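Subject: Structure handover

Dear colleague,

Please find the structure below, followed by notes on what turned up in it.

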Amino acid sequence: YYRRTTTLHPRPEARRRPNMTDSAAPVAPTLSPDKVLIFEWKNVANLADKPPKTILTCTNNSTGDAVVAYKVKTTAPKRYVVRPPQGVILPGMSAKITLTMVGKDAESLLSKSTRGPLHDEREANVPEALIKAAEGMEAGAKCEVRWQGKERYYAAKIRSCNEDGTFDVDYDDGEAKDKFLVQTTDLALSYREQKLEEKDDKLRQSILSKMWQELDKKIKGGELDKKTISSSRLTTKFSISDAEKEVWGGGLVPGPVVDPQVARSATDSMPVSPGSPEAIFAELSALRKKYDDLVAYTVNLTGDRDYLNNELATVKAKLERAMSKRNEAGGDGAPAAVADTKPGKAESSGFSIFMVLLVAFIAFIVGRIVN
């Protein structure tokens, strides 16, 4: 029974590998770095033109004629630009792959770093008073920490306990890390004969894409072993210095008030980036104050306007009564009394030209205020 089943269903390793080189296993190149890709913010004032990037070096250590084909994938394809995403490496040669973060995402992460810790961010010498740990204050224990002495607690893990009673912690914001997958394989003879390294990049990318599709199809169909492709997984780490945060925030802004008995760290005043909750709150507070001042000024101005309107109406009424009396005196047939022009004797009735001009001036001022 065993002989029959092995005859009818041979193991994949025993099957024929078409178009493969003489090597029984694919060449595994050397990656540098081999575990963590560090993206460092160096020019926050010009992230659109110079976003964070890192270089991944892939080396073919083969001493024979084996040519390595590689392909780079990521779990966040919209955040990173990989150039070149795939290629070939001749024996003893290396390929430098540039991994660049999109400027928009770089700004978003930088803004976030001014409000709280990024994923896997580490803080050293944290006082015990800033840590809440249900499992005890020991290395590896999960806890919550007031990041840089601020009011809010963030999930973290105690990395080490220091002799002075402080602790080093690693924060965890709950977000999944961005990961990269580097796949390599020994280039098939039929593709080596095409000398892909001499072709232009567009044509080479097209041929390699077709090659990887055929390779995946044969592995899924059982024609090739999964070990035909070597895979290396790398994680990411973001590095943003306090100096770059300060440049981005345009200066330091005092953070939330903490308990007075807790020692505040030297970096407790953190820069606030435009658009952050702290910046929006500060802008709203300033606008609220301006609004209250404007309301108070408007109320006072309205009172002044009403007072001037009343005074104007009183003056107009007096003027109309005086004019009415003068007209009545002139309508009886008797000549109007001539005003005595002797010095020192005042007029008994009517308004002078000065009073009329004063009323006109007040009316002009009221009109401007109303407008």
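Phe39 and Tyr80 are both buried (under 20% relative accessible area; exposed is over 50%, partly exposed in between; 1.4 Å probe, protein chains only). The model is predicted, so local features need pLDDT of at least 70 and side-chain atom pairs count only at pLDDT 80 or more, while totals for chains, interfaces and linings use all residues. Residues are numbered from 1 along each chain as its sequence is written, and side-chain values use heavy atoms, with hydrogens and water left out.

Aromatic pairs. The whole structure contains 5 of them (Phe, Tyr or Trp rings, the six-membered one for Trp, with centres within 6.5 Å; planes under 30 degrees apart are stacked, over 60 edge-to-face, the rest tilted). Phe39 and Tyr80 make a tilted pair, with 5.2 Å between centres and 40° between planes. Phe39 belongs to strand β2 (residues 36-40) and Tyr80 to strand β5 (residues 80-83), so the pair ties together parts 41 residues apart in sequence. Helices (H or I, at least four residues) and strands (E, at least two) are DSSP runs, numbered from the N terminus. Trp147 and Tyr154 pair edge-to-face, at 6.4 Å centre to centre and 80° between the planes; Trp147 and Tyr154 are buried. Ring pairs also link Phe39, Trp41, Tyr80, Phe180 and Phe238 into a cluster.

Strand β5. β5 runs antiparallel to strand β7 (residues 94-101), joined by 4 bridges (strands pair if DSSP finds at least two bridges between them). Val81 is opposite Thr100 of β7.

Salt bridges. There are 7 in the structure (a side-chain nitrogen of Lys or Arg within 4 Å of a carboxyl oxygen of Asp or Glu). One of them joins Arg192 and Asp65, at 3.4 Å from N to O. Arg192 lies in helix α3 (residues 189-192) and Asp65 in the loop between β3 (53-59) and β4 (68-74), so this bridge connects parts 127 residues apart in sequence. Arg192 is buried, at 19% relative accessible area, and Asp65 is exposed, at 55%. Arg79 bridges to Asp178, with the closest N and O atoms 2.8 Å apart. Arg79 sits in the loop between β4 and β5, and Asp178 in the loop between β12 (167-171) and β13 (179-186), so the two join parts 99 residues apart in sequence. Asp178 is buried, at 10% relative accessibility.

Regards
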